[in-house]
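Visitor: I am new to this structure. Could you show it to me and take my questions?

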Amino acid sequence: MTRYSPVLEVHDLARTYGSGTGSVAALSGVSAAFARGTFTAVMGPSGSGKSTFLACAAGLEPPTSGRVVIDGADITDWDEERRTLLRRERIGFVFQDFHLMPYLSATQNVGLPLRLAGCRPDRAHVRGLLEQVGLGERAGHLPSALSGGQRQRVAVARALVTDPAVVLADEPTGALDSASAASLLELLRGCVDELGQTVVMVTHDPVAAAYADAVIFLVDGRVAGRMEHPTATAVAGQLARLDEWVA
Ligand SMILES: Nc1ncnc2c1ncn2[C@@H]1O[C@H](COP(=O)(O)OP(=O)(O)OP(=O)(O)O)[C@@H](O)[C@H]1O
């Protein structure tokens, strides 16, 4: 597979919650492809389907219709057990609230996805990742002894430990101050530029989106637009227009 072939594709993705008159169409025909070595932000008003999109793309939620293809494998019809294995090995997750195990050190947190996959973490590999995210000196610390920004760096190292096909990040800077957010976004940018990783990030923040190569805008569960080479100003302007559409 070449650097520019998609590592994640969704085709005509739909996800409806509930049935009958109370049903909600969270996604209605979303198609998108994410090429290896790219950084894409997913934005849109509250309730536009961003989290549902990530959940379906990660195989956490089965779509009502449409297809999800990860690293060339169409996972749409896979059973839960197979999707869980794929998630552990091929998808890295970064969450707003870090999701670190409080009683495990930074090193142990980073190695956890490998342990869950039944492998013994390679100490040098884990150490190298912690150094890469700037935490070589804090490898033995518990999350409670780390700042929010440092905790999120541990989460990024953990997301990278299986060398996943794609890193999915849901509001990764939402709980950080602006300086920590900027340095976390530079780290994600470096994962793409230096490691060739692929990052898809849901964010509400135009400044965060400006670190990406492109932004996909969702409105009412549909793709309402795409912006290449985003700037914070251009993204903020586009979001204001989208808010007017849904108001
Ligand atoms: N489990 C669920 N059951 C019923 N409706 C749901 C469920 N999850 C999401 N929805 C609905 O689907 C729509 C899309 O929700 P989603 O959380 O994907 O939006 P979002 O863009 O991530 O919103 P936000 O920015 O507020 O987090 C919303 O109308 C929401 O209420």
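Guide: A crossing is left-handed if the near helix is turned anticlockwise from the far one by less than a right angle, and right-handed if clockwise. This is a predicted model: local features need pLDDT of at least 70, side-chain atom pairs count only at pLDDT 80 or more, and totals for chains, interfaces and linings use all residues. Residues are numbered from 1 along each chain as its sequence is written, and side-chain values use heavy atoms, without hydrogens and water.

Visitor: In which hand does α5 pass α6, left-handed or right-handed?

Guide: Take α5 as residues 148-160 and α6 as residues 178-195. Their axes (lines fitted to C-alpha atoms over the stretch in contact) come within 9 Å. The crossing is right-handed.

Visitor: How are α5 and α6 oriented to each other, roughly parallel or roughly antiparallel?

Guide: The axes cross at roughly 20°. Angles under 35 degrees count as roughly parallel, over 145 as roughly antiparallel. So α5 and α6 are roughly parallel.

Visitor: How much space lies in the largest pocket?

Guide: Its lining has 15 residues, with Phe 93, Phe 95, Pro 113, Leu 116 and Arg 158 nearest the centre. A pocket is an open set of points on a 1 Å grid over the protein atoms alone, where a 1.4 Å probe fits, with protein on both sides within 12 Å along at least five of seven lines; lining residues have an atom within 4 Å of a point. The space in the largest pocket is about 390 Å³.

Visitor: Which element gives the most to that lining?

Guide: α2, β6, α3 and α5 each supply at least two residues. With four residues, the top contributor is β6.

Conventions
Axes fitted to C-alpha atoms, helices over the stretch in contact; angles between N-to-C directions. Parallel < 35°, antiparallel > 145°, perpendicular 65-115°, else oblique. Points joined across faces, edges and corners; volume = space filled by probe spheres on them.
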